[in-house]
Amino acid sequence: MTKLKQMLLYAGIAAFAVTAGFLLRGQMTGSNSQSAAAVGSANKGAETILAASLPDLQGTSQTISQWRGKVLVVNFWATWCEPCRKEIPEFIELQEQFRDQGLLFVGIAVDQREKAAAFSKDIGINYPVLTGGMEAMALAEAAGNNQGALPFTVVIDRSGKITGTHLGLLSRSKLEAMFKPLL
């Protein structure tokens, strides 16, 4: 094995270990979903998210508040995050299935625009994808992601209140339980 391949292998293993460590820490400190009290304190985070403007995949600034009045599933993700990549195909299916009932996924890629655009095109993302670096992570933190890990999903009701959050890989059944009562 060449030195370069060895270095890439070690870097990949290290990235996996860091991600697994964050997820394990979340599991060991309790549920990945926030309690009702934490969600209540995070509602100011909903206003922070809704007030934000981030560039879309074409580089045009989009204000998240333009989607106020819909049930929003805001997902913070990155192309290098394997759990993120795993859950997005289900998000695409759910977006298609519940679009007419007022559901809208909004992906916020904590990544380079070019990488997020290529991934979005390859997988066929059918909802808005915005990009941001530290600004995007600040939005996630405002909504309660104090660990700074990905993926992180926030559900915002039609009135602009956070009704649930989840850190880590989110199952379809758990996500549906979070948004279906709001439709």
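The briefing below goes from the overall layout to single residues.

This is a predicted model, in which local features need pLDDT of at least 70, side-chain atom pairs count only at pLDDT 80 or more, and totals for chains, interfaces and linings use all residues. Residues are numbered from 1 along each chain as its sequence is written, and side-chain values use heavy atoms, with hydrogens and water left out.

**Overall layout**

- The protein has 6 helices and 7 strands. Helices (H or I, at least four residues) and strands (E, at least two) are DSSP runs, numbered from the N terminus.
- Read from the N terminus, the order of elements is α-α-β-β-β-α-β-α-β-α-β-β-α.
- Of the 183 residues, 45% count as buried. Buried means under 20% relative accessible area, exposed means over 50%, and partly exposed lies in between (1.4 Å probe, protein chains only).
- Take the contacts in the protein with a separation of 6 or more: 67% of them come from residues 24 or more positions apart. A contact means heavy atoms within 4.5 Å.

**The sheet**

- How many strands form the open sheet, and in what order? There are 5, in the order β5-β4-β3-β6-β7, and the pairing is mixed.
- The edge strands are β5 (129-131) and β7 (162-167), and each pairs on one side only. Two strands pair if DSSP finds at least two bridges between them.
- Neighbouring strands of this sheet are turned by 20° against each other on average, direction ignored. Axes here are lines fitted to C-alpha atoms, for helices over the stretch in contact, and angles run from 0 to 180 degrees between N-to-C directions.
- Strands of a sheet pair through backbone hydrogen bonds, either parallel or antiparallel.

**Strands β3 and β4**

- β3 and β4 pair in the parallel sense, over 7 bridges. V74 has V106 of β4 as its bridge partner, and N75 stands opposite G107 in β4.
- In β3, 7 of the 7 residues are buried, so this strand is largely enclosed by the rest of the structure.
- Both faces of β3 are covered. One side carries V71, V73, N75 and W77, and the other carries L72, V74 and F76.
- β4 is mostly covered too, with 7 of its 7 residues buried. L103, F105, G107 and A109 point one way, while L104, V106 and I108 point the other way.
- β4 (residues 103-109) also runs parallel to β5, joined by 3 bridges. There, A109 stands opposite T131 in β5.

- Helix α3 (residues 82-98) has 17 residues. From first C-alpha to last it reaches 25 Å, close to the 24 Å expected at 1.5 Å a residue. The expected span is 1.5 Å times one less than the number of residues.
- Where does α3 bend? The bend is at I88, by about 30°, and a proline, P89, follows within four residues. The bend at a residue is the angle between axes fitted to the seven residues ending there and the seven starting there.
- Buried residues of α3 include P83, C84, E87, I88 and F91.
- A search of the whole structure finds 1 disulfide. A disulfide is counted as a pair of cysteine sulfur atoms within 2.5 Å.
- C81 and C84 form a disulfide, with their sulfur atoms 2.3 Å apart. The torsion about their S-S bond is about 75°, so the disulfide is right-handed.
- Both cysteines are buried: C81 has a relative accessible area of 2%, and C84 has 0%.

- A116 lies in helix α4 (residues 113-123). At 0% relative accessibility, A116 counts as buried.
- Which residues does A116 touch, not counting residues up to four places away in sequence? They are L57, W77, T79, A109 and T131.
- A116 and T79 are 37 residues apart along the chain, and their C-alpha atoms are separated by 6.4 Å.
- Helix α5 (residues 134-142) lies across β3 (71-77), β4 and β6 (152-156). α5 runs at about 125° to β3.

**A cis peptide bond**

- Most residues other than glycine have a negative phi, and most peptide bonds are trans.
- L150 and P151 are joined by a cis peptide bond, with omega about -5°. P151 lies in the loop between α5 and β6.
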